[in-house]
Amino acid sequence: MSRLGNYFIFLGTLFRNREKFGVYLKLILDECTSIGVGSIFIVALVNTFIGAVTCVQTAYNLTNPFVPKNIIALIVRDSSILELAPTLSCIVLAGKVGSNIASELGTMRITEQVDALEVMGINSSSYLILPKVIASVLMFPLLVIMAGFLAILGGYIAGTLAGVITPEEYVSGLRFEYKPFGVAFALIKTVVFAFLVSTISAYQGYRVRGGALEVGAASTAAVTNSCIAIVAADFVLTQMLLT
Amino acid sequence: MITIKNISKAFDDRQILVGIEGKFQPGETSLIIGGSGTGKSVLLKCMIGLVKPDSGEVMYDGRNFLTSSLNDQKAIRREMGVLFQGSALFDSKSVLDNVRFPLDMLTDQPENEKMDRAIECLKRVGLEKARDSMPSEISGGMKKRVGIARAIVLNPKYLFCDEPNSGLDPLTSAKIDELIAEITEEFQITTVVITHDMNSMMEIGEKIMFLYKGKKLWEGDSASLTHSSVDELNEFINANKLIREMEK
Ligand SMILES: Nc1ncnc2c1ncn2[C@@H]1O[C@H](COP(=O)(O)OP(=O)(O)O)[C@@H](O)[C@H]1O
Ligand SMILES: [Mg+2]
């Protein structure tokens with residue numbers, strides 16, 4: 001519980017006594033490149049295959065001849081947009097971006113780089129962490145949009161190649177009872193997850209004391225705590241927004 | 001001049017510093033010596049505001065650092081340069097960008113002035129050739145010198161060095177000491193250096209403060225260092241001598 005309190009106090013320090021805006025602009029752009037571009041490959045790979053697997057598996061489970069085939073595409077579409085693309089991508093990103101943030105900040109802490117900033121009168125938490133949080137909140141949604149497309153595309157390719165569904169059936173399934181709010185919901189979730197992953201990981205890294213061993217432990221804690229926060233927030237948001 | 005009064009600090013239940021008093025004069029290199037874990041770094045961190053002491057005052061030319069407003073503290077900080085024990089260079093920035101960093105963050109100087117000043121400081125420490133290297137590509141001694149260049153780039157009135165020669169060979173270490181002493185005299189800086197290197201004590205110690213288990217047990221100049229009546233200090237010095245003799 002006191003951990004949670006410290007986390008909120010930590011969040012407060014991010015926004016107090018900041019530097020000039022111009023200072024952040026370049027830092028944010030740099031972080032966007034490293035977080036966004038650096039994660040495209042793994043997010044794309046995971047989501048394409050998850051889409052493919054969802055399609056083939058749904059087809060395998062739908063043995064009733066009275067259920068139209070295009071239902072398969074509808075299931076791939078809804079599970080990808082509502083759950084798989086946002087939640088799974090963010091869990092992947094917690095592993096990649098979260099551990100990276102924690103170990104970078106932890107290393108800066110134990111090598112006194114954080115102290116060096118503080119001595120100059122710079123608010124090290126906002127200088128180092130705010131750009132990462134902003135870049136995450138900007139880049140995660142873009143990655144998730146790409147993830148959703150690729151999951152549906154993966155389903156299409158796997159479904160048609162395996163012969164479980166024709167291209168026409170797939171496309172008609174995608175269009176069937178489409179609710180645009182699904183995409184908005186996915187993006188709202190993603191923004192929340194991005195904030196959680198980046199701040200939790202930064203918190204873990206920033207509070208490291210000791211040496212390389214502690215940096216490793218912080219990096220692990222960043223990933224596990226981020227994942228727990230993601231699934232908890234996922235549940236709460238789904239309850240709030242979809243019922 | 002820096003004056004510290006009655007500085008005490010405990011972490012959890014462990015008392016680290018007990019009522020430390022001291023005065024540090026401009027143009028002079030003052031040393032803080034003592035064994036590992038006696039609280040030297042903590043004392044330094046109390047002075048530069050990285051650790052808040054439980055009691056005591058730190059005065060920078062009459063300005064009370066710990067009780068001043070955030071803006072006044074920032075103003076005093078701009079007059080400080082700090083060389084950290086591990087140099088604390090920013091890994092992601094080149095040598096030149098490390099030295100430029102305080103100028104970029106804390107001044108509104110035009111680009112070419114900042115560049116000139118950064119290069120001037122790199123020249124002062126003899127590293128203008130390494131300006132485009134990354135910190136991971138240069139040796140420990142060079143890192144210390146870049147750290148010194150970064151610490152003096154804003155023309156500080158106060159310079160703090162935490163074990164500037166730890167982990168360096170005797171020759172490099174002597175050069176770093178010399179550099180610090182020269183800069184101190186040249187710009188009339190108030191310099192505080194933590195060390196447990198016997199050579200430094202004899203070479204650059206104009207004023208020396210000996211810490212033992214968080215207490216100041218002795219204070220004086222390098223000439224009187226070896227004939228004090230403080231047992232702990234004699235033990236500390238003899239241990240150093242012993243090692244030197246064993247090395248011969
Ligand atoms: N932030 C901290 N929290 C708890 N204990 C600390 C902290 N910083 C230093 N200490 C403890 O204070 C003691 C003195 O440390 P230090 O000043 O670094 O010694 P040294 O004289 O070798 O520089 C050590 O036992 C260290 O473990
Ligand atoms: Mg120390």
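The structure is a predicted model, in which local features need pLDDT of at least 70 and side-chain atom pairs count only at pLDDT 80 or more, while totals for chains, interfaces and linings use all residues. Residues are numbered from 1 along each chain as its sequence is written, chains are lettered from A and ligands numbered from 1 in the order in which they are written, and side-chain values use heavy atoms, with hydrogens and water left out.

**Chain A as a whole**

- Chain A contains eight helices and zero strands, where helices (H or I, at least four residues) and strands (E, at least two) are DSSP runs numbered from the N terminus.
- Read from the N terminus, the elements of chain A follow the order α-α-α-α-α-α-α-α.
- The C-alpha trace of chain A spans about 70 × 35 × 35 Å along its principal axes.
- Of the 243 residues in chain A, 47% are buried; buried means under 20% relative accessible area, exposed over 50%, and partly exposed in between (1.4 Å probe, protein chains only).
- Among the contacts in chain A with a separation of 6 or more, 87% are between residues 24 or more positions apart, a contact being heavy atoms within 4.5 Å.

**The nonpolar surface patch of chain A**

- A nonpolar patch on the surface is formed by A:Phe181, A:Ile188, A:Phe235, A:Val236, A:Met240, A:Leu241 and A:Leu242, with about 640 Å² of accessible area together.
- Patches are made of residues with over 30% relative accessible area and no salt bridge; like charges are joined within 9 Å, and nonpolar side chains (Val, Leu, Ile, Met, Phe, Trp, Tyr) within 5 Å.
- Helix H7 (181-206) and helix H8 (212-242) of chain A each contribute at least two residues to the nonpolar patch, and H8(A) gives the most, with five residues.
- A:Met240 belongs to helix H8 of chain A and counts as exposed because its relative accessibility is 56%.
- Between A:Met240 and A:Gly36 there are 204 residues in sequence and 29 Å in space, C-alpha to C-alpha.

- B:Asp162 is located in strand E7 (residues 158-162) of chain B.
- B:Asp162 is buried yet has no salt bridge, and the nearest side chain of opposite charge, B:Lys45, is 6.1 Å away.
- A salt bridge is a side-chain nitrogen of Lys or Arg within 4 Å of a carboxyl oxygen of Asp or Glu; Lys and Arg count as positive and Asp and Glu as negative, whereas His and the chain ends are not counted.
- The side chains of B:Asp162 and B:Ser41 make a polar contact (2.8 Å).
- A polar contact is a pair of N or O atoms within 3.5 Å; within protein, one must be able to donate a hydrogen and the other to accept it, and residues adjacent in sequence count only if both atoms are side-chain atoms.
- Not counting residues up to four places away in sequence, B:Asp162 touches B:Ser41, B:Leu44, B:Leu83, B:Phe84, B:Gln85 and B:Ile194.

**Positive phi values in chain B**

- Most residues other than glycine have a negative phi.
- B:Ala88, although not a glycine, has a positive phi of about 55°.
- B:Ala88 lies in the loop between strand E6 (80-83) and helix H3 (95-106) of chain B, and is buried, with a relative accessible area of 2%.
- B:Lys213 also is a residue other than glycine with a positive phi, near 45°.
- B:Lys213 sits in the loop between strand E9 (207-212) and strand E10 (215-220) of chain B, and is exposed, with a relative accessible area of 61%.

Key:
Accessible areas come from the Shrake-Rupley method with a 1.4 Å probe; for residues, only the protein chains shown count as cover.
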